[in-house]
Amino acid sequence: MLYFNRKYFSLALILFSIEIVIAVFFRDKFVRYFLGDLLVVIFLHCFIMSWLRLESTKVALSVLTFSFVIEILQYFKILNALGWENNKIAIIILGNSFDAMDLVAYTAGIAIVLWLENRKKVSIS
């Protein structure tokens with residue numbers, strides 16, 4: 001089950017680098033928030049697939065579920081409930097504000113993953 005996949009790891013590094021560039025240099029809502037959220041679920045999928053030999057669709061749906069859970073926890077102000085509302089690391093990891101458009105971005109990102117992963121499985125005879 002544990003192994004190393006260079007292709008997925010390379011993609012994860014590229015996506016992580018793009019996420020850093022977006023965080024540092026972009027302030028507009030579309031790129032920073034929507035595109036960043038779309039790419040983060042693709043990054044998570046690639047990172048997990050770098051290290052674990054699992055079925056891609058299950059990983060993609062697990063990442064989507066995880067992302068939705070985090071967003072719902074933001075809706076219920078989980079950081080405040082835990083007393084972590086001023087913890088910068090917790091804010092970076094969990095976020096601190098609910099936005100329904102984030103759910104759309106996560107879904108779009110996973111849809112891209114599923115499309116790309118299933119596209120390579122289809123063979124033309």
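## The largest pocket

Let's start with the pocket lining: in this predicted model, helix H2 gives the largest share of the lining of the largest pocket, 9 residues. That pocket has a volume of about 1200 Å³. Of its 31 lining residues, Glu 19, Asp 37, Val 40, Ile 92 and Ile 93 are the closest to the centre. The elements that give two or more residues to this lining are H1 (6-25), H2 (29-51), H3 (56-75), H5 (88-94) and H6 (100-119).

What kinds of residues make up the lining? By class, 18 are nonpolar, 6 are polar and 7 are charged.

## The second largest pocket

The second largest pocket has a volume of about 190 Å³. It is lined by 12 residues, and those closest to its centre are Leu 11, Ile 42, Cys 46, Leu 116 and Glu 117. Here H1, H2 and H6 are the elements that give two or more residues. This lining has 8 nonpolar, 1 polar and 3 charged residues.

## A look at helix H3

You can check the length of H3 yourself: at 1.5 Å a residue, its 20 residues should span 28 Å, and the end C-alpha atoms are 29 Å apart, which agrees.

Now look at its sides. The buried residues of H3 include Val 59, Ala 60, Val 63, Leu 64, Ser 67, Ile 70, Glu 71 and Gln 74. Seen down the axis, the buried residues of H3 fall within an arc of 135°, so they line one face of the helix. In general, an α-helix has 3.6 residues a turn, so residues three or four places apart point the same way.

H1, H2, H5 and H6 are among the elements that cover the buried residues of H3. On the other side of H3, Lys 58 and Tyr 75 are exposed. After H3 comes Lys 77, with a positive phi near 55°.

Definitions and conventions
Residues numbered from 1 in each chain as written. Predicted model: local features only at pLDDT ≥ 70, side-chain atom pairs only at ≥ 80, totals over all residues. Heavy atoms only, no water. 1 Å grid on protein atoms, 1.4 Å probe; cavity = no way out; pocket = protein on both sides within 12 Å on 5 of 7 lines; lining within 4 Å. Points joined across faces, edges and corners; volume = space filled by probe spheres on them. Helix = DSSP H or I, 4+ residues; strand = E, 2+ residues; numbered from the N terminus. Nonpolar A, V, L, I, M, F, W, Y, C, P; charged D, E, K, R; others polar. Expected span 1.5 Å × (residues − 1). Buried < 20%, exposed > 50% of the residue type's maximum accessible area, 1.4 Å probe, protein only. Arc of directions from axis to C-beta. Contact = heavy atoms within 4.5 Å.
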